[in-house]
Amino acid sequence: MDTEAQMLLEDILTFCERDGREARLVNMLRQCTAQALSDEALTLEAPSRFAASYLARQQSVIEQYLEEITFAPLSLTVTLPQGEGPVPAPAAGRDRTAQAGTAPAPRSAVPTAPAGPVDKNIPPSGGPTADSGFNRTFSPVEAAHAPAGHSQAPAWQSSPGDTAPVDHGGVRNALSPADFQRLMAQMNGTGAELDARQAAAPAGTVAAPAAEPAPAGPAVGLNSKFTFESFVLGDENKLAYQSALRFAVFAEQPGTSDALFIYGHSGLGKTHLLMAIKNELAKDKPHLRVKYANSQAYIDDYMRSLAELKQDGNKIILQEYHAADVLIIDDIQNIIGKQSTIEQFFQLVDEFLRLNKKIAIASDRAPKELAMDERLTSRFNSGMLCLVSEPGFETKYAILKHYYETTILGQSAADYANVDADLLQSLQIEHGKLTDEQLRYMAEISGNNIRELESFCERCSHDAREKELSGAELTGDDIQEIANQYFDTAQKVIRVNTVQAVVEEFYQVAHKDLIGRKRTSNIASARHMAIYLTYELCSLSLNAIGAAFGGRDHATVINSIKVIEKRMGEDTQVSDDCQRLRTKIQLRS
């Protein structure tokens with residue numbers, strides 16, 4: 001694994017999470033291995049052909065991030081593990097240069113404000129939302145009203161000689177522009193020449209930014225997957241869901257559902273609900289001015305506002321926040337405690353509540369546990385407080401089932417519209433089958449973080465397909481092994497009555513015969529297997545096992561264990577039956 005390539009992959013993951021990219025893209029990238037980095041391409045090894053196909057469809061998105069991080073066009077190359085066959089050529093039409101006859105727009109160009117109303121919630125193609133708080137360029141509306149002479153240059157241009165990692169709206173590059181250029185020069189054997197050129201460059205000289213292709217096609221919302229329809233409802237999140245939906249419905253009604261405070265541990269769906277509010281308003285009430293930001297974006301905007309205030313004393317701090325009709329802020333626990341921002345935040349919240357404007361907030365703790373100003377606590381408590389609890393078995397099962405059916409199996413023809421047909425044929429995209437029994441077992445042994453649940457489901461589906469190709473099936477042990485990589489969860493308790501029930505069904509014997517005194521061949525074989533599996537899977541003593549099988553003594557239990565061990569050594573069919581029974585027991589427990 002190439003260290004620099006791995007750093008770049010981690011930066012891409014951070015940028016994807018910053019912009020709310022779909023969980024599948026993040027999950028696929030996390031499963032990739034960074035192989036190599038050159039001055040032309042980043043090479044990633046995908047875990048499967050399915051993953052390679054998906055990344056091929058997302059190539060333009062990833063390459064946009066590569067250019068944003070490295071300050072120069074880089075292409076993405078995806079390889080497959082050894083033994084997976086040749087890697088197909090990328091689909092035609094992936095050239096990152098602009099189409100013939102179309103001049104690429106430089107990064108620092110400011111678009112002209114369009115005629116008529118502008119929906120600030122719809123981002124420009126290929127970039128973050130205009131009002132997300134992550135951007136360092138102005139939206140069309142902001143550009144139209146920007147003060148004369150105000151710099152619109154990208155963030156990475158602001159410090160020509162800076163060697164520190166660049167902050168892209170709260171996300172810091174692992175490499176600074178200078179470090180990246182030096183790294184590329186060293187790889188090409190021209191490091192000394194680069195250092196000499198940089199030393200000779202006049203102070204304040206800024207390299208021209210790389211050209212960016214003109215956007216093609218309509219703008220697409222980055223967070224469109226976060227909707228009320230895609231939210232999996234359970235008893236643990238029902239109140240928060242209903243309150244968020246009510247907040248969106250009554251967004252134009254002053255005095256009704258003015259304040260919403262959602263709290264709970266990380267990964268339980270708080271951000272999904274906040275983004276669902278934003279997307280619902282963008283769709284049904286586009287005339288409302290909605291400002292969405294997470295805590296880091298808020299702090300960055302605050303610091304930028306202070307800098308602007310020093311240049312222009314007439315500027316209003318956080319003007320776009322105060323001008324909004326609906327304010328949505330995520331993870332405010334990271335704002336509380338920062339003295340430089342807390343007073344301004346209090347004034348903002350107080351203003352929205354006094355003017356009956358709408359404000360929705362999420363945190364990992366309830367207001368009273370944030371150790372903040374009593375004034376803020378009382379104002380938050382005046383609104384609707386909603387706890388999102390950790391999902392129980394039924395909710396986790398519903399989440400896994402929904403993700404498997406809608407995301408993993410729900411690929412439509414439109415998802416492959418921009419992928420070359422030869423590439424698709426070479427990749428042989430197929431999904432591993434997960435039975436309802438397996439999904440229930442996954443829900444039983446998994447943790448509670450929903451993002452991890454989705455990645456866990458993706459991995460199980462992939463491994464199920466690999467098993468199918470070799471003529472086997474995904475077992476309970478396989479699922480447990482995958483779960484151990486994701487969650488800090490102990491092996492579940494398996495009860496003797498579950499073992500007996502599964503064995504009775506498999507050998508078609510009655511329970512009274514299994515624990516009784518009959519010694520016919522079929523019943524004896526079933527009894528030996530049931531005792532062996534009980535000894536292996538249940539935490540019971542030999543005497544307790546004997547008691548569960550009709551009051552037999554420990555010597556009889558030992559004999560049954562030895563019988564099965566001997567038969568498995570002599571007959572592969574017995575070993576296969578034992579493994580099949582073991583899986584059924586684990587899935588049913």
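Close-up 1. Contact here means heavy atoms within 4.5 Å, and the axes are lines fitted to C-alpha atoms, for helices over the stretch in contact, with angles going from 0 to 180 degrees between N-to-C directions. The labels are DSSP runs numbered from the N terminus: helices are H or I with at least four residues, strands are E with at least two. Numbering of residues starts from 1 along each chain as its sequence is written, and side-chain values use heavy atoms, with hydrogens and water left out. Since the model is predicted, local features need pLDDT of at least 70 and side-chain atom pairs count only at pLDDT 80 or more, while totals for chains, interfaces and linings use all residues.

**Close-up 2. The three-stranded sheet itself.** The order is E1-E2-E3, the sheet is open, and its pairing is mixed; two strands pair if DSSP finds at least two bridges between them. Strand E1 (33-37) and strand E3 (75-79) sit at the edges, each pairing on one side only. On average, neighbouring strands of this sheet are turned by 25° against each other, direction ignored. Strand E2 (residues 41-45) runs parallel to E3, and 5 bridges join them. Look for Leu42, whose bridge partner in E3 is Leu76.

Close-up 3. E9 pairs with strand E10 (residues 326-330) in the parallel sense over 5 bridges, and Tyr292 stands opposite Ile328 in E10.

**Close-up 4. Helix H16 against helix H24.** Helix H16 (residues 436-445) and helix H24 (residues 572-588) pack with their axes 8 Å apart and at an angle of about 60°. H16 and H24 are therefore oblique to each other: angles under 35 degrees count as roughly parallel, over 145 as roughly antiparallel, 65 to 115 as roughly perpendicular and the rest as oblique. On the H16 side, Glu437, Gln438 and Tyr441 meet Lys584, Gln586, Leu587 and Arg588 of H24. Sorted by class, that contact has 2 nonpolar, 2 polar and 3 charged residues. For the classes, Ala, Val, Leu, Ile, Met, Phe, Trp, Tyr, Cys and Pro are nonpolar, Asp, Glu, Lys and Arg are charged, and the others, Gly among them, are polar.

**Close-up 5. The largest cavity.** About 60 Å³ of space lies in it. A cavity is a set of points, on a 1 Å grid over the protein atoms alone, where a 1.4 Å probe fits but cannot get out, and lining residues have an atom within 4 Å of a point. Grid points are joined across faces, edges and corners, and the volume is the space filled by probe spheres set on the points. The lining is Ala259, Leu260, Phe261, Val349, Leu353, Ile359, Ile361, Arg379 and Phe380. E8 gives the most to this lining, with 3 residues. By class, the lining has 8 nonpolar, no polar and 1 charged residues.

Conventions. 1 Å grid on protein atoms, 1.4 Å probe; cavity = no way out; pocket = protein on both sides within 12 Å on 5 of 7 lines; lining within 4 Å.
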